[in-house]
Amino acid sequence: MIKKITLSTLGILLGITVSNAQFKICNTTETIEELKTSLCTIVQAPLYHKKDNNETIDLFVRKFPAKEKREGSLWLIAGGPGESGASFYSLVDQFKNTFPNFDILIPDHRGTGLSGKICPEQERIDSDNGIGLGNEEWGACFGQMFGNLEYTKAFSITNGAKDLSMLINTLSGEGKRYVYGVSYGTQLVLRLILQGTVNLDGVILDSLVPLQDDVDFDLSKRSQVTDNVGRKVLEGLEASDSSVSLISRLQSLIDRVKTDEKFAAQIPNKNLAMLLGMTLDIPKVRNTIPSIIEGLEKNDFTALNKAVEVITSFYKDFSSKYPTATNSIPLVQIITASENNLRPEMKKDEVAKEAEKLLFTSPLPFLIAENKMPTYERDQFFAMVPENMPRTLILSGTLDPKTHFDGAKRYFKKLSTNGDVTFVGVVDTPHFVALFAPDAFAKIAKEFVEGKSIETLFIKDELSRLKTE
């Protein structure tokens, strides 16, 4: 039933022909400019990659043919874990220009986009709320997850990595093979390498996540990571003639939110620390923090409201035109609770208590606390480091509020003992180097793919520099 629903729906919506994993024109009426030249296919993968399991799941892949003489393939592996390949669509031209001799292939992880879903009915692209779940769909989705636990538990990191192995070996074509992963995508790519089933000419890891057993940087500590980076940002934005530090001034404002109801009421969700934590993700917003602080001290919310407006607009413009861009919350929760939360016993009130002393926080620890969704058991690959690394480039922003620079360096030291692994810090850059430091990314990534030796330890990009207005 699941396979029938997925195939029939996609056939109607995209005009895709599924035949021996051959790429076809995705949609002859495509109106989104950057997608017009793309090709698509759906591959049927085993639900569980085991010999005794005959159930299948559909995996969607979009390909952008090489701009110039083809030399091979570059796979772009999205983050999340709930993000689909659509998170790359607005950057496709950037990747095509940086790697003109490579086919760009972008898969949707199982559970996302146009691949098979955890809740096939409720997460259909043509359902009332599209791929995202509406309030009235959650009940039925929970029923699906708990009513078919074996199916739900198949949406693991390891099965996702085995999907990638099959796709890369099946669809890459002749020539060199490179894989780029960002955020959770780096974790998935490293799990792929652990399988030892794919030959790769190189790997680029953007915003490397910490090792799974790193207690300092796991997802339950995200607010502490965000606060640490936020304080470094304040120090970097400090005016040379300041008599009172930005940290002290912000602390006074955070305290005021707790005691001044009229003041707090003008701040979204009455949570200044969380809102400021969100500003750290976008350089042009992050750089306005001194103005936000100065305004709030004068009961002027103009700079704060402008920051909210820019943040909202940024994420809307980034992916809203792609119907498959909505994150899969069930997939996020299941993978996070099963493998990426080292403190699953945490209660929401305990999360709130930990956040009381922080100037910058993340909503993630609160969202993942008290998980009510099914989980799967960790397997032998949990927290394992690949013994044989292909040639690898790691790019990490020095002011990444999600995957901390120190956590990435710590992981790099372990990876580098098992292969040719290079680590480059991108100065002042937040999460997702390719997005926020495109010139620096293009320069280093192109040199890497061309086989050049990279001696640079740090690189700068004007678009992501820390600077006051």
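Q: How many of the 469 residues count as buried?
A: In this protein it's 58% of the 469 residues. Buried means under 20% relative accessible area, exposed means over 50%, and partly exposed is in between, with a 1.4 Å probe and protein chains only.

Q: And what kind of model is it?
A: It's a predicted model: local features need pLDDT of at least 70, side-chain atom pairs count only at pLDDT 80 or more, and totals for chains, interfaces and linings use all residues. Residues are numbered from 1 along each chain as its sequence is written, and side-chain values use heavy atoms, with hydrogens and water left out.

Q: OK, what's the secondary structure?
A: There are 19 helices and ten strands. Those are DSSP runs numbered from the N terminus, with helices being H or I of at least four residues and strands being E of at least two.

Q: Why call it as compact as a globular protein of that length?
A: Because its radius of gyration is 22 Å, close to the 23 Å from the globule rule for 469 residues. The radius is taken over C-alpha atoms, and the rule is 2.2 Å times the number of residues to the power 0.38. Along the principal axes, the C-alpha trace spans about 70 × 55 × 45 Å.

Q: What about contacts between residues 24 or more positions apart?
A: They make up 76% of the contacts with a separation of 6 or more. A contact here is heavy atoms within 4.5 Å.

Q: Switching to aromatics, how many pairs does the structure hold?
A: It holds 22 aromatic pairs. Rings of Phe, Tyr and Trp (its six-membered ring) pair if their centres lie within 6.5 Å; planes under 30 degrees apart are stacked, over 60 edge-to-face, and the rest tilted.

Q: Which kind of pair do Phe102 and Tyr178 form?
A: Edge-to-face, at 5.6 Å centre to centre with 90 degrees between the planes. Phe102 sits in strand E5 (residues 102-107) and Tyr178 in strand E6 (residues 176-182), so the pair ties together parts 76 residues apart in sequence.

Q: Is that Phe102 ring buried or exposed?
A: Phe102 is buried, at 6% relative accessible area, and Tyr178 counts as buried too, at 5%.

Q: Then what about Phe314 and Phe436?
A: That pair is stacked, 5.6 Å centre to centre and 25 degrees between the planes. Phe314 belongs to helix H13 (residues 302-319) and Phe436 to helix H18 (residues 433-436), so to speak a link between distant parts of the chain, 122 residues apart. Both Phe314 and Phe436 are buried.

Q: Which rings form a cluster?
A: Phe88, Phe95, Phe99, Tyr180, Phe432 and Phe441 are linked into one by ring pairs.

Q: Backbone next. Which peptide bond is cis?
A: The one from Gly80 to Pro81, with omega near 20 degrees. Pro81 is in the loop between strand E4 (72-77) and helix H2 (92-98).

Q: What's phi for Asn299?
A: Near 60 degrees, which is positive in a residue other than glycine. Asn299 is in the loop between helix H12 (289-297) and H13, and counts as partly exposed at 45% relative accessibility.

Q: And Glu370, where is that?
A: In the loop between helix H16 (364-368) and strand E8 (389-397). Glu370 has a positive phi of about 55 degrees although it isn't a glycine, and at 31% relative accessibility Glu370 is partly exposed.
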